[in-house]
Amino acid sequence: MSAITYQKQTAKTADIESHLLNCDAFFKPKLSSYVNIHEYSDKISKKAITFEAWHLNTLIGLVAVYYNKKEAYITNVSVIDTYVGIGIAKKLLLQAIEKAIKYNSTKMSLIVHKNNTNALLFYKKIGFKATTQESMTINMFYNLEITNG
(Lines give C-alpha, C1' and ligand atoms only; values in the text may rest on other atoms or scores of the structure.)
Protein backbone atom coordinates (compact mmCIF):
# COMPACT_ATOMS: atom_id res chain seq x y z
CA MET A 1 0.00 0.00 0.00
CA SER A 2 1.31 3.44 -0.85
CA ALA A 3 1.81 6.00 1.85
CA ILE A 4 -0.93 7.88 3.63
CA THR A 5 -0.43 11.63 3.48
CA TYR A 6 -1.72 14.17 5.99
CA GLN A 7 -2.89 17.61 4.98
CA LYS A 8 -4.90 20.51 6.29
CA GLN A 9 -7.63 22.48 4.53
CA THR A 10 -7.26 20.87 1.11
CA ALA A 11 -10.48 18.82 0.85
CA LYS A 12 -13.23 20.25 -1.34
CA THR A 13 -16.94 19.85 -0.62
CA ALA A 14 -17.15 16.90 -3.03
CA ASP A 15 -14.20 15.15 -1.30
CA ILE A 16 -15.82 15.59 2.10
CA GLU A 17 -19.23 14.45 0.85
CA SER A 18 -17.77 11.32 -0.76
CA HIS A 19 -15.83 10.54 2.42
CA LEU A 20 -18.85 10.99 4.69
CA LEU A 21 -21.00 8.84 2.41
CA ASN A 22 -18.33 6.11 2.62
CA CYS A 23 -18.34 6.40 6.42
CA ASP A 24 -22.11 6.86 6.87
CA ALA A 25 -22.93 3.31 7.95
CA PHE A 26 -20.15 3.30 10.55
CA PHE A 27 -21.50 6.28 12.50
CA LYS A 28 -23.74 5.24 15.41
CA PRO A 29 -26.46 6.13 14.53
CA LYS A 30 -25.88 6.53 10.77
CA LEU A 31 -24.80 10.08 9.96
CA SER A 32 -27.49 10.39 7.28
CA SER A 33 -30.16 9.73 9.91
CA TYR A 34 -29.59 13.13 11.51
CA VAL A 35 -27.86 15.37 8.93
CA ASN A 36 -28.12 16.10 5.23
CA ILE A 37 -24.67 14.90 4.18
CA HIS A 38 -24.44 17.23 1.18
CA GLU A 39 -25.28 20.35 3.24
CA TYR A 40 -23.07 19.21 6.12
CA SER A 41 -20.14 18.65 3.75
CA ASP A 42 -20.58 22.12 2.30
CA LYS A 43 -20.69 23.68 5.79
CA ILE A 44 -17.53 21.82 6.84
CA SER A 45 -15.76 22.88 3.64
CA LYS A 46 -16.64 26.55 4.12
CA LYS A 47 -16.54 27.04 7.90
CA ALA A 48 -14.38 24.40 9.58
CA ILE A 49 -10.67 23.76 9.74
CA THR A 50 -10.12 20.28 8.34
CA PHE A 51 -7.38 17.83 9.20
CA GLU A 52 -7.19 15.19 6.50
CA ALA A 53 -5.65 11.82 5.75
CA TRP A 54 -5.39 10.86 2.09
CA HIS A 55 -4.52 7.64 0.34
CA LEU A 56 -3.77 8.45 -3.29
CA ASN A 57 -6.67 10.76 -4.26
CA THR A 58 -9.14 9.45 -1.68
CA LEU A 59 -9.94 11.24 1.56
CA ILE A 60 -9.76 8.40 4.08
CA GLY A 61 -9.73 10.31 7.38
CA LEU A 62 -11.25 13.60 8.45
CA VAL A 63 -11.38 15.69 11.60
CA ALA A 64 -13.33 18.94 11.22
CA VAL A 65 -13.18 21.64 13.88
CA TYR A 66 -14.74 25.05 14.43
CA TYR A 67 -12.43 27.37 16.36
CA ASN A 68 -13.38 30.57 18.18
CA LYS A 69 -11.51 32.71 20.69
CA LYS A 70 -11.70 30.38 23.68
CA GLU A 71 -13.15 27.09 22.52
CA ALA A 72 -12.73 24.60 19.73
CA TYR A 73 -15.67 22.40 18.74
CA ILE A 74 -15.10 19.12 16.91
CA THR A 75 -17.96 18.51 14.50
CA ASN A 76 -16.59 15.39 12.81
CA VAL A 77 -14.14 12.56 13.33
CA SER A 78 -14.30 9.84 10.68
CA VAL A 79 -12.10 7.25 9.03
CA ILE A 80 -13.10 4.94 6.19
CA ASP A 81 -13.66 1.47 7.65
CA THR A 82 -10.78 -0.28 5.86
CA TYR A 83 -8.33 2.19 7.46
CA VAL A 84 -9.68 2.03 11.04
CA GLY A 85 -7.25 0.87 13.71
CA ILE A 86 -3.98 2.17 12.27
CA GLY A 87 -3.85 5.48 14.16
CA ILE A 88 -5.30 7.88 11.59
CA ALA A 89 -8.02 9.34 13.81
CA LYS A 90 -5.60 9.77 16.70
CA LYS A 91 -3.03 11.56 14.54
CA LEU A 92 -5.67 13.91 13.06
CA LEU A 93 -7.21 14.62 16.46
CA LEU A 94 -3.81 15.44 17.96
CA GLN A 95 -3.17 17.86 15.08
CA ALA A 96 -6.52 19.53 15.86
CA ILE A 97 -5.57 19.80 19.55
CA GLU A 98 -2.21 21.38 18.63
CA LYS A 99 -4.06 23.96 16.51
CA ALA A 100 -6.41 24.74 19.42
CA ILE A 101 -3.41 25.30 21.67
CA LYS A 102 -1.95 27.74 19.11
CA TYR A 103 -5.30 29.58 19.11
CA ASN A 104 -5.05 29.76 22.93
CA SER A 105 -8.34 27.91 23.26
CA THR A 106 -9.16 26.84 26.81
CA LYS A 107 -11.11 23.73 25.86
CA MET A 108 -12.08 21.52 22.98
CA SER A 109 -15.49 19.88 22.98
CA LEU A 110 -17.52 17.35 21.05
CA ILE A 111 -20.76 15.41 21.25
CA VAL A 112 -20.91 11.64 20.83
CA HIS A 113 -23.87 9.25 20.74
CA LYS A 114 -24.11 7.36 24.03
CA ASN A 115 -24.22 3.97 22.24
CA ASN A 116 -21.03 4.64 20.28
CA THR A 117 -18.81 2.78 22.74
CA ASN A 118 -15.78 2.65 20.42
CA ALA A 119 -15.80 6.43 19.99
CA LEU A 120 -16.32 7.01 23.72
CA LEU A 121 -13.35 4.79 24.58
CA PHE A 122 -11.22 6.43 21.89
CA TYR A 123 -11.96 9.97 23.12
CA LYS A 124 -11.34 8.98 26.75
CA LYS A 125 -8.00 7.43 25.77
CA ILE A 126 -6.98 10.73 24.12
CA GLY A 127 -7.92 12.62 27.31
CA PHE A 128 -11.49 13.82 26.74
CA LYS A 129 -13.80 13.81 29.77
CA ALA A 130 -17.57 13.36 29.78
CA THR A 131 -19.40 16.39 31.16
CA THR A 132 -23.13 16.04 30.64
CA GLN A 133 -25.44 13.51 29.10
CA GLU A 134 -28.56 14.27 27.13
CA SER A 135 -31.10 11.57 26.29
CA MET A 136 -28.99 10.06 23.48
CA THR A 137 -25.68 11.98 23.50
CA ILE A 138 -22.75 12.66 25.78
CA ASN A 139 -20.94 16.00 25.80
CA MET A 140 -17.19 15.64 26.18
CA PHE A 141 -14.34 18.11 26.55
CA TYR A 142 -10.57 18.24 26.49
CA ASN A 143 -9.03 20.75 28.89
CA LEU A 144 -6.45 22.86 27.07
CA GLU A 145 -5.77 25.26 29.97
CA ILE A 146 -3.24 22.88 31.50
CA THR A 147 -1.31 22.75 28.22
CA ASN A 148 -1.58 26.51 27.65
CA GLY A 149 -0.30 27.19 31.17
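The largest pocket holds about 1100 Å³ of space, where a pocket is an open set of points on a 1 Å grid over the protein atoms alone at which a 1.4 Å probe fits, with protein on both sides within 12 Å along at least five of seven lines. The volume is the space filled by probe spheres set on the points, which are joined across faces, edges and corners. The lining, made up of residues with an atom within 4 Å of a point, comprises 38 residues, and the closest to the centre of the pocket are Val-77, Ser-78, Asn-116, Ala-119 and Tyr-123. Two or more lining residues come from each of strand 4 (71–79), helix 3 (88–102), strand 5 (107–113) and helix 4 (117–126), the elements being DSSP runs numbered from the N terminus, with helices (H or I) of at least four residues and strands (E) of at least two. By class, the lining has 25 nonpolar, nine polar and four charged residues, where Ala, Val, Leu, Ile, Met, Phe, Trp, Tyr, Cys and Pro count as nonpolar, Asp, Glu, Lys and Arg as charged, and the others, Gly among them, as polar.

The model is predicted, so that local features need pLDDT of at least 70 and side-chain atom pairs count only at pLDDT 80 or more, whereas totals for chains, interfaces and linings use all residues. Residues are numbered from 1 along each chain as its sequence is written, and side-chain values use heavy atoms, with hydrogens and water left out.

In helix 4, the residues Ala-119, Leu-120, Tyr-123 and Ile-126 are buried, that is, under 20% relative accessible area, with exposed meaning over 50% and partly exposed in between (1.4 Å probe, protein chains only). The buried residues of helix 4 pack against strand 4, helix 3, strand 5 and strand 7 (137–143), while the face turned away from the buried side carries the exposed residues Asn-118, Leu-121 and Lys-125. Helix 4 is followed by Gly-127, which has a positive phi near 125 degrees.

The loop between helix 1 (13–23) and helix 2 (37–47) contains Phe-27, which counts as buried because its relative accessibility is 16%. Leaving aside neighbours within four places in sequence, Phe-27 is in contact (heavy atoms within 4.5 Å) with Leu-20, Tyr-34, Asn-76, Val-77 and Ser-78. Although Phe-27 and Val-112 are 85 residues apart along the chain, their C-alpha atoms are separated by 9.9 Å. Pro-29 has its place in the loop between helix 1 and helix 2, and the peptide bond from Lys-28 to Pro-29 is cis, with omega near -5 degrees.

In strand 5, Ile-111 counts as partly exposed because its relative accessibility is 45%. Not counting residues up to four places away in sequence, Ile-111 touches Tyr-73, Thr-137, Ile-138 and Asn-139.

Leu-56, with a phi of about 55 degrees, is found in the loop between strand 2 (49–55) and strand 3 (58–67) and counts as exposed at 61% relative accessibility. Asn-104, with a phi of about 60 degrees, is found in the loop between helix 3 and strand 5 and counts as partly exposed at 48% relative accessibility.
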